[in-house]
Structures are given as C-alpha cells and as structure tokens.
Amino acid sequence: MRHKVAGWKLGRNTAHRRSLLRNLVTSLIVEERIETTIPKAKAMRPHVEKMITLGKRGDLAARRLAASYLMTDESVVKLFDTIAPRFGDRNGGYLRIVRTAWQKGDGAEKAFVELLGSEKVLDEKREKRAEARAKRVAEAKKAMEEAEAQAQTQAAPEAAEKQEEEK
Amino acid sequence: MPNPKRRHSQKRTSTRRAHDALSKHSLSECPNCHEKKMPHRACAKCGYYKGREVVEVEEAS
Ligand SMILES: [Zn+2]
C-alpha cells in the first residue's frame, strides 16, 4: 500500500505547482537562502537535490536538463560552477530547513531554506545589508539635521520681528 | 428533520468540555540568551539556532 505518500499538492493545479517549484528552486540556487512556508520548503527539497545531482554530473546533457528546469541561465551557471562542487563528498541532504516564526494573517509556519555550506556567503550578504542600513540611517539623520537648521534660520528673523513688536 | 427532544443542562455541556482543555507547550531554554523558546525552532528573542545566528531579530526601540 502506498497510502499517504503522494507528496504535496499545495492547493494548486499541476502547471501552477510546477511553476512555483521551479521558481523556488531557482531562487534558492541564486540567493542560497529563501524564506517560505514549511510545506513549500518540504515540497521543493527533492527538486533542489535533483538539480544538484545534475550539477555534480556536470556533462552537457545534464546542463541541458538543468536549463530546461531552472528559470534563468545565470542560475544554471551558478549551479554547475559554484554550488555542485561544494557537495562533492555528500550524497543528498544538501538543504537545511529551520523553522522561524508564524506568518501574520493566516498563521502559517514559516521557515528558511538554505544550502549547506553557504554560511559564509550569507554572512557576507548580511554584513552588506547592515552596512547599507547604517548608511541609510546616517543619511536620514543628516537630512533631518539640515532641515532643522534651515527651519531655525527661517524662524530666527520672524522671532526677531516679534520681539521688536513687543517692544 | 430530527430535532433535540430535551434541553441540554449546563452540567452536561461543562462535563463534555471537561476534557477539551489545551495543554501548555513544552518550552526549552535557548542556550544563547536563556529565554524560553519553542523546540526545533530558531529562538524568537535572539534568532539563534544550533549555535549560530540564523535570523536577524529587530531590537525593540
Ligand atoms: Zn535566544
């Protein structure tokens, strides 16, 4: 009996589901980490692993198969050149799914999916984001100070007039 | 259509619901910040899971 092993339908018809999974797999390969819901994370896992297996084969036929599934050429290049060589000594289990929190609105449980061994890349990305954020904050602060200074210079003559009137 | 024949007493209702109580989650302690956290999940307070900061958590300001 193969009851209850059909996999995930994700409430979509076949074409919609296939598009969703292809998009998820492509995004994961390009970004190394994505945030999604638990059922989607579990549904995409076998597809990602099949892509990495193709990447490890590395021949032209494998490359064409991967290109027919992944959405962008860039992701195919990345899969074959940087991701597949990372998993040379590992047979499957290339993903890490960590549950994080619950989605506001429908309460779905969310998790992030990341490729093993992408910690360094992800840390670099996070540092870049933090730098950009610090820069934005500094710029906003500067703009606010300038606006304040301008307001003071505009307010000063008016205040002087008022004082004269009072006299 | 079938209909209830007799009024349900409050006792009957509350007796039926005696076993409906929800149980508390069993929480574990975060090894990084020592807050209570849900098991098998990243810590909601500090974003750590298995000794690594896995999600950025915005500090309340
Ligand atoms: Zn913690």
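This report walks through a helix pair, a chain contact and one cysteine in a predicted model.

## Ground rules

Local features need pLDDT of at least 70 and side-chain atom pairs count only at pLDDT 80 or more, while totals for chains, interfaces and linings use all residues. Residues are numbered from 1 along each chain as its sequence is written, and chains are lettered from A and ligands numbered from 1 in the order in which they are written.

## Two helices in chain A

Let's start with α2 (residues 38-57) and α3 (residues 60-69) of chain A, which pack at about 150° with axes 8 Å apart. Helices here are DSSP runs of H or I with at least four residues, strands are E runs of at least two, and both are numbered from the N terminus. Axes are lines fitted to C-alpha atoms, for helices over the stretch in contact, and angles run from 0 to 180 degrees between N-to-C directions. α2(A) and α3(A) are therefore roughly antiparallel (an angle over 145 degrees).

On the α2(A) side, the contact is made by M51(A), L54(A), G55(A) and R57(A); α3(A) brings A62(A), L65(A), A66(A) and Y69(A). Residues are in contact if their C-beta atoms, placed from the backbone, lie within 7 Å.

## Where the chains meet

Between the chains, 5 residues of chain A are in contact with 8 residues of chain B. Strand β2 (residues 95-102) gives the most on the chain A side, with 4 residues.

## A cysteine in chain B

C30(B) sits in the loop between β1 (28-29) and β2 (36-37) of chain B. Beyond its neighbours within four places in sequence, C30(B) is in contact with residues including C43(B), C46(B) and Y48(B). C30(B) and G51(B) are 21 residues apart in sequence and 9.7 Å apart in space, C-alpha to C-alpha.

Notes
Two residues are in contact if their C-beta atoms, placed from the backbone, lie within 7 Å. Angles under 35 degrees count as roughly parallel, over 145 as roughly antiparallel, 65 to 115 as roughly perpendicular and the rest as oblique.
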